[in-house]
Amino acid sequence: MSLEAFHHSEPLTLGVELELQLVSTNDYDLAPYAEDMLRLMKKVPLPGSVVPEMTNSMIEISTGVCHSSSEVLGQLTQIRDALVKSADKLNIAVVGGGTHPFQQWHERRIYDKPRFQELSQLYGYLSKQFTIFGQHVHIGCPDADSALLMLHRMSRYIPHFIALSASSPYVQAQDTQFDSARLNSVFAFPLSGRAPCVLTWSEFEQYFNKMTRTGVVKSMKDFYWDIRPKPEYGTIEIRVFDTPLTIERAAALAGYVQSLAAWFLAEQPFTPTEDDYLVYTYNRFQACRFGLDAVYVDPASGDHMPLRDHILQTLDHVARYAGTHGASGALHMLRGETALGQNDARWLRERQREEQLLAEVSRQAALRFRGHDI
């Protein structure tokens, strides 16, 4: 199996995928309604797609190719509104968030699709524990070598993406003390983590060929890396975001990625090296555990600083590129919430403190996904 050629895409175009929870409006636990939702959604002409995911209480929506975060938001709004109408017919609700707060993984059922059944055979109980919900952002790259440079430059900002999107503090009715507990489940898979630090496509092809010769890997889909190249789309795909509670935040995060990518292409601010990864796992852990209150270690200087300050500095760096690509409003929202230390994980904890019942937290999260200001 050889690596697919890197296809052409328009640089800095965006595509966004969101994995979403389907819950019963009776008890707000996960409900196995993926097939019914997909049947209803097929009748509605929409941009992008709606497809099944690993277990039958989740679905994935995706946009088409977009040029700005506002276009992402426009497409997500159309899909969200159709989802909500379909869910209402089935007496269920659709919810964001990186984990369902109190579902029991052993009650889940694998969706009846050959690839999901194969993965279930291979990974055992990990497959059902993979009932977690992430946002993936694709960014168009000029060519294959640029894509690898983009991938490794983006790796320095993985803690930003984790902390800004974190929405998975609860697992099986327990506060994990992590802002993003979801990524702990991803790390259990053998081909997770980060991509090898190679900066040319020919080197990457050599790596891929070695991996396929081992029989461990058949395609790029077998890599669960935090960021991976997607040659068939001409993009890189960033996979560490928890699914936010609102589509507005999902679109804003896409705007941040696009602004960073525009800065990288225009200024080539640094050349990635293997040494960047000395602090990668530490920074990643800090962001998962403490969210916007994490410590960030600069891979070039070794300086320690509050992650919140590093995010705010970076937002300053990319502000002019955000303006060029229509993302100024999105970044203004992220800046305000970063300054306040506010992310979705904090919102969920605040609701739980007020309400005590996690089912009520899920009910309010469902309203938030619909666009109600809660």
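Predicted model: local features only at pLDDT ≥ 70, side-chain atom pairs only at ≥ 80, totals over all residues.
Residues are numbered from 1 along each chain as its sequence is written, and side-chain values use heavy atoms, with hydrogens and water left out.

Helices (H or I, at least four residues) and strands (E, at least two) are DSSP runs, numbered from the N terminus. The axes of helix 9 and helix 12 (residues 328-340) come within 8 Å and cross at roughly 105°. Helix 9 is therefore roughly perpendicular to helix 12. Axes are lines fitted to C-alpha atoms, for helices over the stretch in contact, and angles run from 0 to 180 degrees between N-to-C directions. Angles of 65 to 115 degrees count as roughly perpendicular, under 35 as roughly parallel, over 145 as roughly antiparallel and the rest as oblique.

A nonpolar core is a set of buried Ala, Val, Leu, Ile, Met, Phe, Trp, Tyr and Cys residues joined through side-chain atoms within 4.5 Å. Buried means under 20% relative accessible area, exposed over 50%, and partly exposed in between (1.4 Å probe, protein chains only). The largest core holds 96 residues, and Met 154 and Phe 161 touch the most other members. Helix 9 (residues 247-267) gives the most to this core, with 13 residues. A second, separate core has 16 residues, including Leu 30, Val 95, Leu 348 and Ala 365. In soluble globular proteins, nonpolar side chains tend to be buried together.

Contact means heavy atoms within 4.5 Å. Residues up to four places away in sequence are not counted for Met 154, which touches Phe 161, Ile 227, Ile 236, Ile 238, Val 257, Leu 260, Ala 261 and Phe 264. Ile 236 lies in strand 11 (residues 235-242). At 0% relative accessibility, Ile 236 is buried. Beyond its neighbours within four places in sequence, the contacts of Ile 236 include Val 137, Ile 139, Leu 151, Met 154 and Ile 227. The C-alpha atoms of Ile 236 and Phe 223 are 13 Å apart.

Aromatic rings form a further set of contacts. Rings of Phe, Tyr and Trp (its six-membered ring) pair if their centres lie within 6.5 Å; planes under 30 degrees apart count as stacked, over 60 as edge-to-face and the rest as tilted. The count comes to 16 aromatic pairs. Phe 264 and Phe 270 have ring centres 6.2 Å apart and planes at 80°, so the pair is edge-to-face. Both Phe 264 and Phe 270 are buried. Ring pairs also link Phe 6, Trp 201, Phe 204, Tyr 207, Phe 208, Phe 223 and Trp 225 into a cluster.

A charge sits over a ring if NZ of Lys or CZ of Arg is within 6 Å of the ring centre and within 35 degrees of the ring normal. Arg 156 lies over the face of Phe 270, at 3.7 Å from the ring centre. The charged end of Arg 289 sits over the ring of Phe 178, 6.0 Å from its centre.

Helix 10 spans residues 280-290, and its buried residues are Tyr 280, Asn 283, Arg 284, Gln 286, Ala 287 and Cys 288. These pack against helix 6 (158-165), helix 7 (182-186), strand 12 (295-297) and helix 11 (307-324). Gly 291 follows helix 10 and has a positive phi, near 60°.

Most residues other than glycine have a negative phi. Gln 172 is not a glycine, yet its phi is positive, about 50°. Gln 172 lies in the loop between strand 6 (170-171) and strand 7 (174-175). Gln 172 is partly exposed, at 27% relative accessibility. Gln 356 also has a positive phi, near 75°. The loop between helix 13 (344-355) and helix 14 holds Gln 356. Gln 356 is exposed, with a relative accessible area of 56%.

Leu 367 is in helix 14 (residues 358-370). Leu 367 is partly exposed, at 22% relative accessible area. Ala 93, in strand 4 (residues 92-95), is buried at 10% relative accessibility.
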